Amino acid sequence: MVLIFAFAAVFYVLGATFVESFVNYRTWHLVGKTEFVTFHRAIGRRVIAFVVFPVVLTLALTTALLWLRPPAIPAWSVWLSLMLNLFA
């Protein structure tokens with residue numbers, strides 16, 4: 001069951017970070033200088049809720065897989081996933 005939640009969280013985070021980097025960041029130049037601080041504050045709170053928290057959840061679920069993984073999944077693959085998540 002942990003594997004399913006970890007899998008879903010990884011795909012959510014992937015999609016959320018794609019939207020953040022390819023949609024949000026690319027449009028910052030369209031926001032006026034006087035409005036940018038207000039815009040950045042508003043979007044910053046949402047990034048924490050919709051990107052940062054799920055990333056932390058993904059790390060926690062992946063860490064849990066070290067002990068709760070199905071027998072078919074080798075431990076090295078979970079360690080590799082953790083290292084790649086921390087690198088990202």
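The model is a predicted one, in which local features need pLDDT of at least 70, side-chain atom pairs count only at pLDDT 80 or more, and totals for chains, interfaces and linings use all residues. Residues are numbered from 1 along each chain as its sequence is written, and side-chain values use heavy atoms, with hydrogens and water left out.

Helix α1 covers residues 2–24, helices being DSSP runs of H or I with at least four residues, numbered from the N terminus. Its 23 residues reach 31 Å from the first C-alpha to the last, close to the expected 33 Å, a span taken as 1.5 Å times one less than the number of residues.

Turning to the aromatic rings, the count comes to 5 pairs, where rings of Phe, Tyr and Trp (its six-membered ring) pair if their centres lie within 6.5 Å, and planes under 30 degrees apart are stacked, over 60 edge-to-face and the rest tilted. Tyr 25 and Trp 28 make an edge-to-face pair, because their centres are 5.0 Å apart and their planes at 85 degrees. Phe 36 and Phe 39 have centres 6.2 Å apart and planes at 45 degrees, so this pair is tilted; both lie in α2, 3 residues apart, about one turn of the helix. Tyr 25, Trp 28, Phe 36 and Phe 39 form one aromatic cluster.

Definitions and conventions. Helices (H or I, at least four residues) and strands (E, at least two) are DSSP runs, numbered from the N terminus.
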